[in-house]
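Here is a short report on one protein model.

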Amino acid sequence: MNPRALLALLGAAVLVGVALLRLEAANRAAAERARSDAFYGRLYGFEASGPVPASLADLGRYSQAVVLGRFDGRVEPGRVVGDSGLGPEYDVYFANVGFRIEAILAGSLPAADASDLLLEYLVAGPDEIAALKATLPTERTVMFVGSKYLRRAGIATVYYESGLGRGTFRELDGRTAPVGLTTDPQFGRLEGLPFADFLDLVRRIPILDEMPPA
């Protein structure tokens, strides 16, 4: 085989290899998103009360901190709230999900919670725990977190909540994939924003930790 033909074959092989790597990366990204969507789709709710945030500023107003990290694999049955006179079909169920903190981007947390948190999510029932664990997201995530609703309710064990589901922003394929708040009135579209740019943006959000109205 002459050198030109050999070079052409090598070049074609490289192109095929690059195309296969890109396809594999795209498939991984799609699988990661599908897993993440399945997890958040199973959550019955995020908080039962409080104002629904319409902007990053709203999230900051009612949050203690903005954290960057990943779920750490812990998914446990949480609180059960109900009236014993009404029967278990009227009970409200929660799940506690562990979150490992990579960085605190804004605000602050007690020293005991500065490296990992238990996030509390409202779920449809006790049988949801296994399904949540099976779909636990693997991507890096920014969370606006607080425990003020629980503090107001007098709950001694501190669990954290994430902004009525709108305080959750995933990194998927290097870009921002919000669970709820896709557009901000001040900063524009958040969906698809390069994740590094989003991290820079949220570092500038004032974190006020205000108690929301009853």
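Which side chain meets that of Glu102 in a salt bridge? The partner is Arg140, at 3.2 Å from N to O. A salt bridge here is a side-chain nitrogen of Lys or Arg within 4 Å of a carboxyl oxygen of Asp or Glu.

## Basis of the model

This is a predicted model: local features need pLDDT of at least 70, side-chain atom pairs count only at pLDDT 80 or more, and totals for chains, interfaces and linings use all residues. Residues are numbered from 1 along each chain as its sequence is written, and side-chain values use heavy atoms, with hydrogens and water left out.

## Salt bridges

The structure holds 12 salt bridges. Glu102 lies in strand β2 and Arg140 in the loop between α3 and β4, so their pair ties together parts that are 38 residues apart in sequence. Helices (H or I, at least four residues) and strands (E, at least two) are DSSP runs, numbered from the N terminus.

Asp116 forms a salt bridge with Arg100, with the closest N and O atoms 3.5 Å apart. This pair also links distant parts of the chain: Asp116 is in strand β3, Arg100 is in strand β2, and 16 residues separate them. Both ends are partly exposed, with relative accessible areas of 23% for Asp116 and 45% for Arg100. Buried means under 20% relative accessible area, exposed over 50%, and partly exposed in between (1.4 Å probe, protein chains only).

Asp200 and Arg203 meet in a salt bridge at 3.2 Å, N to O. Asp200 is partly exposed at 41%, and Arg203 is partly exposed at 45%. Elsewhere, Arg33, Asp37, Arg170 and Glu191 are linked in a network of salt bridges.

## Nonpolar cores

A nonpolar core is a set of buried Ala, Val, Leu, Ile, Met, Phe, Trp, Tyr and Cys residues joined through side-chain atoms within 4.5 Å. The largest has 23 residues. Within it, Phe39, Phe71, Leu119, Met143 and Val145 touch the most other members. At least two residues each come from α1 (3-42), β1 (65-81), β2 (92-107), β3 (116-123), α3 (128-134) and β4 (141-145). Strand β2 gives the most, with five residues. Apart from this core lies another, of 18 residues, among them Leu56, Val66, Phe169 and Leu199.

## Strand β5 and its partners

Strand β5 (residues 168-172) is mostly covered, with four of its five residues buried. Strands pair if DSSP finds at least two bridges between them. Three bridges join β4 to β5, and the two run antiparallel. Met143 has Thr168 as its bridge partner in β5.

Four bridges join β5 to strand β6 (residues 175-178), again antiparallel. Here Glu171 has Thr176 as its bridge partner in β6. The β5 and β6 hairpin has two residues between the strands, and Asp173 takes a positive phi near 55 degrees.

## Helix α5

Which residues are buried in helix α5 (residues 195-202)? They are Phe195, Phe198, Leu199, Leu201 and Val202. They cover an arc of only 160 degrees around the axis, which puts them on the same side of α5. The arc is that of the directions from the helix axis to the C-beta atoms. What covers these buried residues includes α2 (56-61), β1, β2, β4, β5 and β6.

Methods. Contact means heavy atoms within 4.5 Å.
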